[in-house]
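Open the model in your viewer and keep the selection panel at hand. The stops below say what to select and what is there.

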Amino acid sequence: MTVIRDKTIWVTGASSGIGRALALRLAEQNNFVIASSRGRDALAELQQSCPKRIRILDCDVGDDEQMEQAAARLAEMTDHLDLVIACAGTCEYDDNLQLDTASYRRVFDANYFGVVNTLRSALPLLANSRTPVFAAVGSLSSVVGFPRAEAYGASKAALGYFLDAVRADACRTNLRVVHIRPGFIDTPLTQRNDFDMPFLMTADQAAECIERGLASKKHTIDFPRRLSWPLRFLGFFRSLWFRYCAPRMTRIRTLRKT
Ligand SMILES: NC(=O)c1ccc[n+]([C@@H]2O[C@H](COP(=O)([O-])OP(=O)(O)OC[C@H]3O[C@@H](n4cnc5c(N)ncnc54)[C@H](OP(=O)(O)O)[C@@H]3O)[C@@H](O)[C@H]2O)c1
């Protein structure tokens, strides 16, 4: 398998789950990795595993001001970035169609505006690379409308459109834009789930799929195939999804009156 080596890479969401597995894997392959999340302690612990090749940049990707400062700190650490993986993200489910906009905003701040902020901070340094790649982690849940995922799925669908638009804007430049859409991965994010998660993978397996996809020059990295193919089929024949799948999944039987 082709591996990514000797690159300068920024990974957000690197303190746990998929981002942590990616940061470690890439650092072990002789890349210089800048690892971000809000929690400094978890990042410091990650850095201990590979002190020479991991640097810490703590920031809240949803906070515009902090991300302006992060851009300045990034520029002190490196004069270029070859690869950025925007992995920071969160999930809040909407139970019983509460439509709580504060919850939706928190989710969009991390999953959508967080990626916009990450690209803004990284772009001048990506421009200094000969082969710049900007990758962001969406979700297979954005392929069809899942019950309770109004905020999460919509933030990831918006991210997909954003990445397509950036790719269109940058198509005459050397910037490669990559949309990563995992299925269910066993991380602190999903350990809270109280439903069956088909084809659950480990964070290490996810990191391997992502690295393989990045190395093979793909623009969309969907995995596992056992989940992505049926979902893409149902995304195409949407009436089947709403007739046969959604009724088995929704927890709502009657609309709330208050
Ligand atoms: N697990 C899955 O099944 C799955 C499936 C599809 C897509 N994804 C996506 O994969 C990405 C990683 O998720 P995960 O499963 O690895 O979850 P995780 O273990 O909870 O990791 C989330 C990471 O994002 C960071 N983060 C969250 N909000 C942030 C913010 N506002 N600013 C900076 N960092 C922030 C967290 O660190 P701090 O809290 O310290 O900031 C943590 O490092 C997410 O975008 C998620 O939507 C996950």
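**Around the ligand**

Begin by selecting α1 (17-28) and α5 (150-169): each of these helices supplies at least two residues of the shell around the ligand. Helices (H or I, at least four residues) and strands (E, at least two) are DSSP runs, numbered from the N terminus. The model is predicted, and local features need pLDDT of at least 70, side-chain atom pairs count only at pLDDT 80 or more, and totals for chains, interfaces and linings use all residues. Residues are numbered from 1 along each chain as its sequence is written, and side-chain values use heavy atoms, with hydrogens and water left out.

The ligand is surrounded by 28 residues, and the closest are S15, S16, Y152, I185 and T187. Colour the shell by class to find 13 nonpolar, twelve polar and three charged residues. Here Ala, Val, Leu, Ile, Met, Phe, Trp, Tyr, Cys and Pro count as nonpolar, Asp, Glu, Lys and Arg as charged, and the others, Gly among them, as polar.

Now show D60: an N or O atom in the D60 side chain is 2.8 Å from a nitrogen atom of the ligand. At G89, a backbone N or O atom lies 3.4 Å from a ligand oxygen atom. A polar backbone atom of G183 is 3.4 Å from an oxygen atom of the ligand. Taken alone, the ligand exposes 880 Å², of which the protein buries 91%; the areas come from the Shrake-Rupley method with a 1.4 Å probe.

**The sheet**

Hide the ligand and select the strands. Seven of them form an open sheet, paired in parallel, in the order β3-β2-β1-β4-β5-β6-β9. The edge strands, β3 (54-56) and β9 (220-223), each pair on one side only. From one strand to the next the twist averages 15 degrees.

Zoom in on β4 (residues 83-86) and β5 (residues 133-137), which pair in the parallel sense over four bridges; two strands count as paired if DSSP finds at least two bridges between them. Within this pair, A86 stands opposite A136 in β5.

**Two backbone stops**

Select P224, in the loop between β9 and α7 (225-236). The peptide bond joining F223 and P224 is cis, with omega about -10 degrees.

Finish at F199, in the loop between β7 (185-186) and β8 (201-202). F199 is not a glycine, yet has a positive phi of about 55 degrees.

Methods: Near = heavy atom within 4 Å. Polar contact = N/O pair within 3.5 Å; in protein donor to acceptor, adjacent residues only side chain to side chain. Axes fitted to C-alpha atoms, helices over the stretch in contact; angles between N-to-C directions.
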